[in-house]
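Keep the sequence and the 3D view open while reading.

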Amino acid sequence: MKRSPPPCGATGGSCLPLHFAPAETHAGVVSLPVPVLAAAAAGLGQLHVDRDADGAVRALFLREGFGDVTWDHFAVALLKQARPSQEVLEPIPDPSARADNGRWRRAARFVIPFSGPPGSVRRVSYIDVLQGRVPAATFKDAIVLVGATAAGLTDAYPTPVSRNEALMPGVEISAQALIALRDGRSLRVPTRWQGAVLAVAPLLLALAVLRRTRPRVGLGVTLGLMPAIVALAWALHHLAGVLWAPSAALIGVALVIPLWSWQRLETAMAYLEREFHRVRERLPPRDGAATASSGGDPMERRMAALTAAASRLRQLEVQRRQAVDFLSHDLRAPLSATLALIEMAGPVADARTLAEIEAQTRRALALAEGFVDLARAEAPEALRTTPLDLRDVIVEAMDGAWSDARQRGISIEGEAPADDALCDGDAALLVRAVGNLLDNALKYGREAGTVRCDLHAIGAGWRIDVRSQGQPLAPAVAATLFDRFTRAPEGRAPSASGAGLGLAIVRSVARRHGGDAGWRPDDDGNVFFIELPRAAD
C-alpha cells in the first residue's frame, strides 16, 4: 500500500485502474474493472508507463486510448478526485515522443520529476492495515494507492533514480507522478535546437581555449569542462525543470582533446618536414643524406633530423666565417707584405729583398694550399676510395718529409706489419694526412731528435702513430689542436709557420674514411695518431 503526502482539502471517493495493451494492427485491448466495481468507482485511470529504448521508465502519457475514447492516467484521475478545483498541469509536448501506432492515441507525455529513489514514498503494509496495527489517523487527509510492492513481482521497472539495480514498483511510479502533478512540478526535454546548442557550446569553448592557450592550460580547462557539464545538467534538472542528457556534450569534449592533439601533431610534423627539407637543401649532398634519423616515433625522427641538419648548417656557417677571416687576414697579410716589398725595392731589388719576397710568397702559397686541401678533404665528391695498403701510404708520406727532416737534423724511422694492411680509402688524402702529422712532428719536435711513424693493427682496424720527441702537451691544449685555425702555443716552435689547418685536415680525412684522429702523451714527447677501419671483405 502506498500513501502519498496528504493534499489539502482532499475529498472522498476511489479510483480504479484499467489496463490496456496497444496493438500494432488494431486499436488495442482494454481491460475494465468488473461492472459492479466500475459503477461504484469515482473515476477510472490507465496505468500505462512509457519505457524508453534502454528499458527505463522516465515518463508516462496523461491521456491515452483509441479513437474518441481516451482515459486519464491513474495519477490524474486520483488528483481530480482529491482536488477537483486544481488544474492538472499540461506539460510541454515532447518532440522525442513516439508516434501513434495505428488508431491508438497518446497525448501529453509527462516526464516524471521523481522525488527520490524507490522507497521514497511512504509504504504501509496492507496486512498491518487489515489487522489494525496501523492507526486510522495515518490515512487522514491522505491519498492512498493500493498496489503490490514486493520484490520479484513483474510490475516493477528501472528508473533514472534507481540505485543498485533496484526496481521501482508501478504503484510507486504512479505515486511519484501524482506528487509532481499535485505540486505543479514538471520536467521538459529541450528542443532539438536547444539540445544542439547545449551539446556544441562546451565543444566550441574547449576548441577556443585549446587554440589560444598553452597545451597544458587547454588540457586543464578541457578536463574541467566535463564536471561543469554534469553540474549544468544537474542545475537544469533541479532548478529549471529541464531534463537534458549531457552524454553528447561529454563525448564531444572527451574527443576534442585527442582530435585536437592529432591535428596539432600533424601540423607540427608537416612544419618540421618542410623546415628539414629547406635546411637540407642548403647542405652539401652527403651531409644532407647523413641527417636522416632512425628509431623512435615519426615526431622524434623528424625532430632529430631537423636538429642534426640545423647543427650541421651552423657548423658550416662557422666554417664559412672562419674561411672569411682566414682570407681577410692570414692570406692577405703575406700578399700585402709582398706588394709592399716590391714597391720598396723599386726597379732593382737586392738579394735580401728578393729572399723576403720569396718567403712571403711561399707562406701565402702554403696557406692557400692548406685551405684548398681542407676544402678538398671535406668535399663529398672529392673522396675516391679504392682498396690500398697502408704500408704504401706511410712510406710515401715519409719520403715526402725526408728532405725537411734532413734540413732540421731529425731522423725519421718507421715500423709496419709484415703482412698487407688493407684499407678502403683515398690514397692521396691519406698520404696528405700522414704527411701533415709528420710535418707537425718535425716543426714542434726536438732538434736533432727522432720522429717515428708506426703502423699497428688494432681490433677491427689500423692505427698510424706519429711519435715526436719534445715537451709533452697539456691535454686541454692538445684537444684544441684539431680545430680549424688553431696552432700550438707560442714558444714551442717560434720558427714554425702555418694557418693552423694541418691537424684539422688530418681529422677530417680520418672521419671521412670512417675513422678518427687524436693525441696521447708519450714518455718523451707526443703521439698523434690516425685510426682507420680495415678493408671490407
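The model is predicted. Five strands make up an open sheet, ordered β13-β15-β16-β18-β17, with mixed pairing. The edges belong to β13 and β17 (516-522). Each has a single partner strand, so one side of each is left without a neighbour in the sheet. From one strand to the next, the twist averages 20°.

Start at β13 (residues 411-415). This strand runs parallel to β15 (residues 450-458), and five bridges join the two. Within that pairing, glutamate 415 stands opposite aspartate 454 in β15.

Next comes the pairing of β15 with β16 (residues 461-469). Here the sense is antiparallel, and there are eight bridges. Valine 451 stands opposite serine 468 in β16. Alanine 457 stands opposite tryptophan 462 in β16. The two strands form a hairpin, with two residues between β15 and β16. Glycine 459 sits in the turn and has a positive phi of about 50°.

In a regular strand, side chains alternate between the two faces of the sheet.

**Helices across the sheet**

Which strands does helix α12 lie across? Helix α12 (residues 390-408) lies across β13, β15, β16 and β18 (525-533). Its direction is at about 170° to β13.

Helix α15 (residues 502-512) lies across β17 and β18. The angle of α15 to β17 is about 125°.

**Helix against helix**

Two packed helices are described by the angle between their axes and the distance between the axes.

| Helix pair | Angle between axes | Axis distance |
|---|---|---|
| α5 (residues 192-212) and α6 (residues 215-239) | roughly 160° | within 10 Å |
| α2 (residues 74-82) and α4 | about 50° | 9 Å |
| α13 (residues 427-444) and α15 | roughly 145° | within 9 Å |

Take α5 and α6. Their axes cross at roughly 160°. That makes α5 roughly antiparallel to α6. The crossing is right-handed. From α5, the contact uses Leu198, Pro202, Leu205, Ala206, Val209 and Leu210. From α6, it uses Gly218, Leu219, Val221, Thr222, Leu225, Ile229, Leu232 and Leu236. By class, the contact of α5 with α6 has 12 nonpolar residues, two polar and no charged.

Now α2 and α4. They pack at an angle of about 50°. That makes α2 oblique to α4. The crossing of α2 and α4 is right-handed. On the α2 side, Ala75, Val76, Leu78 and Leu79 take part. They meet Ser174, Ala177, Leu178, Leu181 and Arg182 in α4. The contact of α2 with α4 divides into seven nonpolar, one polar and one charged residues.

Last, α13 and α15. Their axes cross at roughly 145°, and the crossing is left-handed. Contact residues of α13 are Leu429, Leu430, Ala433, Asn436, Leu437 and Asn440. Those of α15 are Gly502, Leu503, Ile505, Val506 and Val509. The contact of α13 with α15 comprises eight nonpolar residues, three polar and no charged. Recall that α15 also lies across β17 and β18.

Is serine 174 buried or exposed? Serine 174 has a relative accessible area of 4%, so it is buried; the cut-off is under 20%. Its place is in helix α4 (residues 170-183). Leaving aside neighbours within four places in sequence, serine 174 is in contact with Leu47, His73, Ala75 and Leu145. One of these, Ala75, belongs to the α2 side of the contact with α4.

Serine 120 is found in the loop between β8 (104-111) and α3 (126-130). Its relative accessible area is 40%, so serine 120 is partly exposed; that class lies between the 20% and 50% cut-offs. What does serine 120 touch, not counting residues up to four places away in sequence? The partners are Glu172 and Gln176. Serine 120 and glutamine 176 are 56 residues apart along the chain. Their C-alpha atoms are separated by 8.8 Å.

Note on methods: Residues are numbered from 1 along each chain as its sequence is written. This is a predicted model: local features need pLDDT of at least 70, side-chain atom pairs count only at pLDDT 80 or more; totals for chains, interfaces and linings use all residues. Side-chain values use heavy atoms; hydrogens and water are left out. Axes are lines fitted to C-alpha atoms, for helices over the stretch in contact, and angles run from 0 to 180 degrees between N-to-C directions. Helices (H or I, at least four residues) and strands (E, at least two) are DSSP runs, numbered from the N terminus. Angles under 35 degrees count as roughly parallel, over 145 as roughly antiparallel, 65 to 115 as roughly perpendicular and the rest as oblique. A crossing is left-handed if the near helix is turned anticlockwise from the far one by less than a right angle, and right-handed if clockwise. Contact means heavy atoms within 4.5 Å. Ala, Val, Leu, Ile, Met, Phe, Trp, Tyr, Cys and Pro count as nonpolar, Asp, Glu, Lys and Arg as charged, and the others, Gly among them, as polar. Two strands pair if DSSP finds at least two bridges between them. Buried means under 20% relative accessible area, exposed over 50%, partly exposed in between (1.4 Å probe, protein chains only).
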